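Thanks for coming. Please have a look at it first.

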Amino acid sequence: MDNQWHISTILFLIPILVLSGCRVEIDDGIYRFEYDENKHCESRNHIQQVMLERINNARARQRRCGVQTVYPAPPIIWNPQLFSAARIHVNDMANYDFMAFMGSDGSFVEERVNRTGYLWVHLGENIGTNYQSPDSMIDSWLNNPNDCINIMNPHFSEIGAACAHRNESQSQYAIYWTLVLATHR
């Protein structure tokens, strides 16, 4: 009974892990899960460093988001659970070649973040496509009024961000980005 539960759990988790950027290998009946950094996006550490630096610099001073003036906001920090939620959604968009806040399974950011176990009070999400670097993606978000307001929202204190690449000539987009912003309960 325990082995049946173990095998069915693993079979249930394999598609989730693959969508999350993990490589699943079976060797002599042993499942090995290895995260495969997307070679077409910059490293997770670089994305984290640039996102934190650029977003905190933006939040440090008053700016205009479209026609709205927004005031400085406190700095944010990186959260691995929010990174996981962002990575799941960005890989879903890349795997199925779409850009939308609703995932291919019908989920929205609230459900994706809840699945990580993160307990949130305030929650937001920015998405984007076809920007080669975290710098260029942040520039685009800061130039879009709604995305800018999300980044400047003083209620958000933590972020996670991820990038994925779709390497197919027939695809609608090549590079996908997701930024999840939240405040822990």
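Why is strand β8 largely enclosed by the rest of the structure? Before the reply, note that this is a predicted model. Strand β8 covers residues 175-184, and nine of its ten residues are buried, so the rest of the structure largely encloses this strand. Buried here means under 20% relative accessible area.

Now the neighbours of β8. On one hand there is strand β6, residues 120-129, which pairs with β8 in the antiparallel sense over nine bridges. As a reminder, strands of a sheet pair through backbone hydrogen bonds, either parallel or antiparallel.

Next, the sheet as a whole. In what order do the four strands of the open sheet come? The order is β5-β7-β8-β6, and the pairing is mixed. The edges are taken by β5, residues 77-78, and β6; each has a single partner strand, so one side of each has no neighbour in the sheet.

Helix α6, residues 145-152, packs on this sheet and touches β6 and β8. The direction of α6 makes about 140° with that of β6. A further helix to look at is α2, residues 44-59, which lies across β5, β7 and β8. Helix α2 runs at about 130° to β7. So much for the surroundings of β8.

Last, the chain overall. The secondary structure comes to six helices and eight strands. Read from the N terminus, the elements go α-β-β-α-β-β-β-α-α-β-α-α-β-β. The chain has 185 residues, and 43% of them are buried. Taking contacts with a separation of 6 or more, 67% are between residues 24 or more positions apart. As for the surface, the chain exposes about 10200 Å², with carbon and sulfur atoms supplying 52% of that area.

That is the end of my part.

Definitions and conventions
Residues numbered from 1 in each chain as written. Predicted model: local features only at pLDDT ≥ 70, side-chain atom pairs only at ≥ 80, totals over all residues. Heavy atoms only, no water. Buried < 20%, exposed > 50% of the residue type's maximum accessible area, 1.4 Å probe, protein only. Helix = DSSP H or I, 4+ residues; strand = E, 2+ residues; numbered from the N terminus. Pairing = 2+ DSSP bridges. Contact = heavy atoms within 4.5 Å. Axes fitted to C-alpha atoms, helices over the stretch in contact; angles between N-to-C directions. Areas by Shrake-Rupley, 256 points an atom, 1.4 Å probe, with all protein chains shown as cover.
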